[in-house]
Amino acid sequence: MTDATHIADRYIAVWNETDAERRNALLQDGWVDGASYIDPMAAVQGHEQISALIGAVHQRFPGFRFALDGRVDGYGDQLRFSWTLGPQHEADMIKGTDFAVVENGQLKSVTGFLDKVPAGA
């Protein structure tokens, strides 16, 4: 597998990109056509739907940033990493762990789990 940390870094970059055009370019580069993303609050497929979901997260949590949390782990075509989401200069409010399937160095599917979500978030 291509370097697991590099793939996870590109994933975080997509989630932090607020400009839709740049985000779509990152999706084209790092995700296969028809890729899927699912978590307890959303299930989307394809670059367009993934980008729209990310845009909705930016609208709901303006100024919040994603960051990797701990070690990225990967073998074969599997990838696992944790992340945080919160205001840039404050304690992170939301934490999660994602599991991904990689195909030729690109994300094919991502399944997200929410580890910490404060009430009202």
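The dialogue below goes through spaces, salt bridges, a helix and a few single residues.

Reader: What should I know before I start?
Author: This is a predicted model, in which local features need pLDDT of at least 70 and side-chain atom pairs count only at pLDDT 80 or more, while totals for chains, interfaces and linings use all residues. Residues are numbered from 1 along each chain as its sequence is written, and side-chain values use heavy atoms, with hydrogens and water left out.

Reader: How do I find empty space in a protein?
Author: Rolling a probe the size of a water molecule over the atoms shows where empty space is left. On a 1 Å grid over the protein atoms alone, a cavity is a set of points where a 1.4 Å probe fits but cannot get out. A pocket is an open set with protein on both sides within 12 Å along at least five of seven lines. Lining residues have an atom within 4 Å of a point. Points are joined across faces, edges and corners, and a volume is the space filled by probe spheres set on them.

Reader: How many cavities of 30 Å³ or more are there?
Author: The count is one, and the volume of the largest cavity is about 30 Å³. Its lining is made of Trp15, Val57, His58, Phe61, Phe64, Phe66 and Leu85. Helices (H or I, at least four residues) and strands (E, at least two) are DSSP runs, numbered from the N terminus. With those names, α3 (46-60) and β3 (64-68) each give at least two residues to this lining.

Reader: Which classes of residue line the largest cavity?
Author: Six are nonpolar, one is polar and none is charged. Here Ala, Val, Leu, Ile, Met, Phe, Trp, Tyr, Cys and Pro count as nonpolar, Asp, Glu, Lys and Arg as charged, and the others, Gly among them, as polar.

Reader: And what is the volume of the largest pocket?
Author: The largest pocket holds about 340 Å³ of space. Of its 19 lining residues, Asp39, Met41, Val57, Phe61 and Leu114 lie nearest the centre. At least two lining residues come from each of α1, β1, α3, β5 (78-87) and β6 (94-103), and α3 has the largest share, with four. By class, the pocket lining has 16 nonpolar, no polar and three charged residues.

Reader: What about charged side chains?
Author: Side chains of opposite charge can pair when their charged atoms come close. A salt bridge here is a side-chain nitrogen of Lys or Arg within 4 Å of a carboxyl oxygen of Asp or Glu. The whole structure has five salt bridges. One of them joins Arg10 and Asp29, at 3.6 Å from N to O. Arg10 belongs to helix α1 (residues 4-16) and Asp29 to helix α2 (residues 20-30), so this pair ties together parts that are 19 residues apart in sequence.

Reader: Which residues are linked in a network of salt bridges?
Author: Arg71, Asp73 and Arg80 are. Asp73 meets Arg71 at 3.2 Å, N to O, and meets Arg80 at 3.0 Å, N to O. To describe their surroundings, we call a residue buried under 20% relative accessible area, exposed over 50%, and partly exposed in between (1.4 Å probe, protein chains only). Arg71 is exposed at 65%, while Asp73 is partly exposed at 22% and Arg80 is partly exposed at 39%.

Reader: Which residues of α2 are buried?
Author: Arg23, Leu27 and Gly30 are the buried ones. They cover an arc of only 85 degrees around the axis, so they sit on the same side of α2 (the arc is that of the directions from the helix axis to the C-beta atoms). The buried residues of α2 pack against α1, β1 (31-39), α3 and β7 (106-116).

Reader: Is Asn16 buried or exposed?
Author: Asn16 is buried, with a relative accessible area of 11%, and lies in helix α1. Setting aside neighbours within four places in sequence, Asn16 is in contact (heavy atoms within 4.5 Å) with His58, Arg65 and Phe66.

Reader: What can a backbone angle tell me?
Author: Most residues other than glycine have a negative phi, and most peptide bonds are trans. Asn104 is not a glycine, yet has a positive phi of about 50 degrees. Asn104 is in the loop between β6 and β7 and counts as exposed at 76% relative accessibility.
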